[in-house]
Amino acid sequence: MSSPTLSEVVAEHAEEAAFLWLQRTHAVHAPNYDPAQFADLDERLAAHLDGLRVAGDEGWKCAEQALDNGGAEDFFPAAILALEAGDGRFDDMLKRAEQLPQAVRGLVSACGWVEPAQLGSRVGAWLEGGTPLMRKLGIAACALHRRDPGAALDAAIAQGADSVRIRALRAAGELGRVDLLAPARALVGEAKPELRFWSAWAAVLLGDRSHGLAAMRAFALEPGPRQMKALQLSLMAMDAEAGHALLAACASLPGAARLRIIGAGLVGDARYAPWLIEQMAGPATARIAAEAFVNITGLDFNLEQMEVPTPDR
């Protein structure tokens, strides 16, 4: 059997980097990844990125070719190489991403992966003007590295494209900019659902337990893509009794069992433990019930040898 050529090896690095990035984006929110497993995933991803770096021009060629697929996972490794190169390649990728909204997540993730020094003066230029995508990317890069964009964040919340305002509101919450609580709360009454959601999300993180939390609770009771995130933040911000009431209100919603099981773990009240044990008996709810039980009790199922095999399908 002939050995693989250099091009085949480099292409495999590009494919694996894209695949592992997708796996990593899932692992961030998955209950079955502990810190050690997540670190191992990061090391594997870093190793394939190293393979692309070592390959030099051939590595860039393979990463660039994958951009034609248009996925965020394809843009991530290429963006890493482009940012590290410090030339015009990343600017070219930004232009491509203007027509491929689904690819933007890969660019944002790359900005968070590289060291701040490798972003150079780019972030300042993005924040000062340019396209909405550039401003959004500049704010996201600052938030990911926990660097305060300063007045640029205030300006982004006050006016501009919705995509920029939404990312700015999210950054305000992530960075703990309590001075932006008032403008965030002022947007809670916005008609546009996405803008209203992130203004409420930011307001709650910045300390609002009135209008912002009420809006977040309303999103928690509204089926849709924002529901779970709203339920999680609402329950973590509420006192226990308000949390019990919210879980009771979920009983008539589609997917009520899942919502209430996950919510029980967030409320953290031991009174839910017997009920969660019952839910572990059903294959459809076993995993989320076990996670909720762990949140309440701190039990390590793996350490206590309480894991069971995956049921046959």
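**Exercise 1. Decide whether Ser199 is buried or exposed, then place Ser199 in the fold.**

Solution. 
Step 1. Ser199 has 0% relative accessibility, so Ser199 counts as buried. The cut-off for buried is under 20%.
Step 2. The model is a predicted one. In this model, Ser199 sits in helix H13, residues 193–205.
Step 3. Look past residues up to four places away in sequence: Ser199 then touches Leu169, Ala184, Leu187 and Val188.

**Exercise 2. Describe how helices H4 and H6 pack.**

Solution. 
Step 1. Two numbers are needed. A pair of packed helices is described by the angle between the axes and the distance between them.
Step 2. Find the helices. H4 covers residues 72–85, and H6 covers residues 104–113.
Step 3. Take the values. The angle is about 40°, and the axes lie 7 Å apart.
Step 4. Name the arrangement. That angle makes H4 oblique to H6. Angles under 35 degrees would count as roughly parallel.
Step 5. The crossing of H4 and H6 is right-handed.
Step 6. List the contact residues. H4 supplies Ala72, Phe75, Phe76, Ala79, Ile80 and Leu83. H6 supplies Arg105, Gly106, Leu107, Ser109, Ala110, Cys111 and Trp113.
Step 7. Sort them by type. The contact of H4 with H6 has 10 nonpolar residues, 2 polar and 1 charged.

**Exercise 3. Locate the partners of the Arg96 and Asp68 salt bridge, and say how exposed each partner is.**

Solution. 
Step 1. Side chains of opposite charge can pair when their charged atoms come close.
Step 2. Check the distance. The side chains of Arg96 and Asp68 meet at 3.0 Å, N to O. A salt bridge requires within 4 Å.
Step 3. Arg96 is in helix H5, residues 89–98. Asp68 is in the loop between helix H3 (57–66) and H4. The pair links distant parts of the chain, 28 residues apart.
Step 4. Arg96 has 30% relative accessibility, so Arg96 counts as partly exposed. Asp68 has a relative accessible area of 62% and is exposed.

**Exercise 4. Work out which parts of the chain Lys192 and Asp162 tie together.**

Solution. 
Step 1. Lys192 forms a salt bridge with Asp162, and their closest N and O atoms are 2.8 Å apart.
Step 2. Lys192 lies in the loop between helix H12 (181–186) and H13, while Asp162 belongs to helix H11 (residues 162–175), so the bridge ties together parts 30 residues apart in sequence.
Step 3. Lys192 is partly exposed at 43% relative accessible area. Asp162 is partly exposed too, at 27%.

**Exercise 5. Trace the salt-bridge network that holds Asp179 and Arg177.**

Solution. 
Step 1. Start with the pair. Asp179 bridges to Arg177, with the closest N and O atoms 2.8 Å apart.
Step 2. Read the accessibilities. Asp179, at 47%, counts as partly exposed. Arg177, at 9%, counts as buried.
Step 3. Follow the shared partners. They join Asp148, Asp154, Arg177 and Asp179 into one network.

**Exercise 6. Say what stands out in the phi of Arg146, and where Arg146 lies.**

Solution. 
Step 1. Most residues other than glycine have a negative phi.
Step 2. Compare. Arg146 has a phi near 55°, a positive value in a residue other than glycine.
Step 3. Locate. Arg146 is in the loop between helix H9 (132–144) and helix H10 (151–158).
Step 4. Finish with the surface. Arg146 has a relative accessible area of 52%, so Arg146 is exposed.

Technical notes:
Residues are numbered from 1 along each chain as its sequence is written. This is a predicted model: local features need pLDDT of at least 70, side-chain atom pairs count only at pLDDT 80 or more; totals for chains, interfaces and linings use all residues. Side-chain values use heavy atoms; hydrogens and water are left out. Axes are lines fitted to C-alpha atoms, for helices over the stretch in contact, and angles run from 0 to 180 degrees between N-to-C directions. Helices (H or I, at least four residues) and strands (E, at least two) are DSSP runs, numbered from the N terminus. Angles under 35 degrees count as roughly parallel, over 145 as roughly antiparallel, 65 to 115 as roughly perpendicular and the rest as oblique. A crossing is left-handed if the near helix is turned anticlockwise from the far one by less than a right angle, and right-handed if clockwise. Contact means heavy atoms within 4.5 Å. Ala, Val, Leu, Ile, Met, Phe, Trp, Tyr, Cys and Pro count as nonpolar, Asp, Glu, Lys and Arg as charged, and the others, Gly among them, as polar. Buried means under 20% relative accessible area, exposed over 50%, partly exposed in between (1.4 Å probe, protein chains only).
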